Amino acid sequence: MAQATELSAVIVDDHPAVRAGVAQWLVTGTPPIQVAASGDDVRVAWAGAGATADVVILDLHLGGPTPAMGELHRLVQAGRRVVVYSMRADDEIALQCLELGALSYLTKAEGAEHLLEASVTAASGRAYTPPSLAGALAGDRSATRPALSARETEVLVEWFQSESKDFVGQRLGISPRTVNTHLEHIRIKYAMIGREAPTKAALLARAIQDGLVQVDDL
Amino acid sequence: MAGDHVYATMRIILVCATGILQFGLCLHPLLTQEYRQRWLAVAAFIALACVTAVCCGWVLRRRPLPVALVVAGTAVVLAVSFCASAALAPDQRFQASDWSFGLVGWHLLLLLLDRVRTLITVLTAHLVTSMGLFLSAGVPDRATLGAAGAAAFGAVNVQLAVVVITRVLHWQTHEAMAVAEEKDRLVTRVLTAQQWEQGQRSLFADQLGSTLSLLAGLADGELDPRDSDTQRRCALAATQLRRLFAENDDMPDPLVHEVTACVDAAERRGVEVSFAISGAAVPVPSQVRHELTGPVVTALSAARIRARVSMLRTDEEVRIAVVADADDCAGLVIESTGRVGVEYRVYGEFLRLEARWRKQQS
């Protein structure tokens, strides 16, 4: 049955207009994503239909002044695949979310295309790096950051600058697929640092399965 | 210094006056009058002439007299005064044969012109000593006393008048110099202000140059607003102006403010611009900022429908990139400047431009 293989998502955002808009994007996307539940509180992701949704689309600012890092941490520890969808383009918070185990971090300035791709990718347990996150990774100067190759840094910068993988491929003389591979590699490197999270372990398992890394590399 | 000139000139006059007085007026009594001890009087005369001669070495070169010379000279002159008085018989004092009293005063004036307090003290000491010697020989009669008093009073008065004249001249010159200096300062300030205004004018003329000719062309009907080239020139001028206004704003993050202004100008033309920033604000010198945003202005003014502007900032460098769809990039003039490297290439219908500034390693 087609219904059974259809992906589902739960939307947690304190603005009804954002929830409605995101739901519309997901339902009409290719492939369409079912909206299992949506609400202004993270409880919708824990109870009812929301508890079994494939992806959690989480707004970090749920009414309060502090970002909902604790909520993100609990969801990730429970093995939920979370796409953070935030108003703020704050590099440090984006990097913290990755560290906690979010599979993607998008700013609301980034449109439907990136959100759909992030949701579909996250549903399969893989990481998605939108341009703004690539910018944050390219500018990361923290002491614990993983060592990236020159080509990987180039890919990050070019993807941040152009928002087009075709364009990055053209610039660097590689295929858009290779651009993706580089981005995934970078995310695997990031998954291997910092604290443990089930989603990170799943991401690494996925990478081995996809042949992106060897068991010996880990 | 103004005062130094007054003192130097007055000293030259004094040195001449002293010489003339000594050889014109005092030599004659020395040669013709009777003295108790002639050799002592002659030695005193020669010693005074020597003091004048030594002073000439500095005075004629308009140099102030060294302290050592002043001290030694004053001591010699006072000793001379005593010796010359001692060489006279008591009844000859303040008479025609007493050549030394007035002359010693002139010598003291020459030596101590710019040390008024010392001069007054020493002159008083000279006067008191001479008077003391005069009176020690017994109380003279009234006529002799009167004549002596008149001679002493006359000599000292003229010398004091010279001191007063010198002080007044010194003060007036000082005033005049201060006024002249103030005037010079004003002239310099006016010149600086004029130059600054000129600089601002030419700066604005530079920045507005293309705008003014464009407006004139449009007003005269020489340029067709429907022409795509005219439209692109207008877009460029509008973005440049917008940046010019933003450039002087006092903002916490001036670079983002300036680029936002450029993005805003492009959006007003209907270009869909996505602008992303990575990294925190870093201090960028205003000239470098200008060089970084200049290429952005040019690239954005060429954008047709969509553009991506991105700013990547780390502690080591600032990179601003524009990727835009542009139909005609042939006319774009984009150059690297000294500190900012600009990379510019066209990929099919897209142009990509990156302005990159690497911080100097400190």
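How many residues of chain B are in contact with how many residues of chain A? I opened my notebook with that one, bearing in mind that this is a predicted model.

**Entry 1: where the chains meet**

I found 15 residues of chain B in contact with 17 residues of chain A. Next I looked up which strands of chain B supply that side. Strand 1 (272–278), strand 2 (306–313) and strand 3 (317–325) of chain B each give at least two residues to the side touching chain A. I then sorted the residues on this side of chain B by class, and they came out as 7 nonpolar, 5 polar and 3 charged.

**Entry 2: two of those strands**

I stayed with chain B and followed its strands 1 and 2. They pair in the parallel sense, over 7 bridges. One pair I noted down: B:Val273 has B:Ala307 in strand 2 as its bridge partner.

**Entry 3: a helix pair in chain B**

At what angle do the axes of helix 3 and helix 5 of chain B cross? I read roughly 15° for helix 3 (residues 67–87) and helix 5 (residues 116–136), whose axes come within 10 Å. Angles under 35 degrees count as roughly parallel, so helix 3 of chain B is roughly parallel to helix 5 of chain B. I logged the crossing of these two helices as right-handed.

Then I went through the residues that meet. Helix 3 of chain B brings B:Thr74, B:Leu78, B:Ser81, B:Phe82 and B:Ser85, and helix 5 of chain B brings B:Val122, B:His126, B:Thr129, B:Ser130 and B:Leu133. My tally for this contact is 4 nonpolar, 6 polar and no charged residues.

**Entry 4: over to the sheet in chain A**

In what order do the strands of the open sheet in chain A lie? I wrote down 2-1-3-4-5 for its 5 strands, with parallel pairing. Strand 2 (33–39) and strand 5 (104–107) of chain A are the edge strands, each pairing on one side only. From one strand to the next, the twist averages 20°.

Inside the sheet I checked strand 1 (residues 7–12) and strand 3 (residues 55–58) of chain A, which are joined in the parallel sense by 4 bridges. There, A:Val10 has A:Val56 as its bridge partner.

Helix 5 (residues 112–123) of chain A does, touching strands 1, 2, 3, 4 (81–86) and 5 of chain A. Its direction makes about 160° with that of strand 4 of chain A.

Key
Residues numbered from 1 in each chain as written. Chains lettered and ligands numbered in written order. Predicted model: local features only at pLDDT ≥ 70, side-chain atom pairs only at ≥ 80, totals over all residues. Contact = placed C-beta atoms within 7 Å. Nonpolar A, V, L, I, M, F, W, Y, C, P; charged D, E, K, R; others polar. Axes fitted to C-alpha atoms, helices over the stretch in contact; angles between N-to-C directions. Parallel < 35°, antiparallel > 145°, perpendicular 65-115°, else oblique. Left-handed = near helix turned anticlockwise from the far one by under 90°. Pairing = 2+ DSSP bridges.
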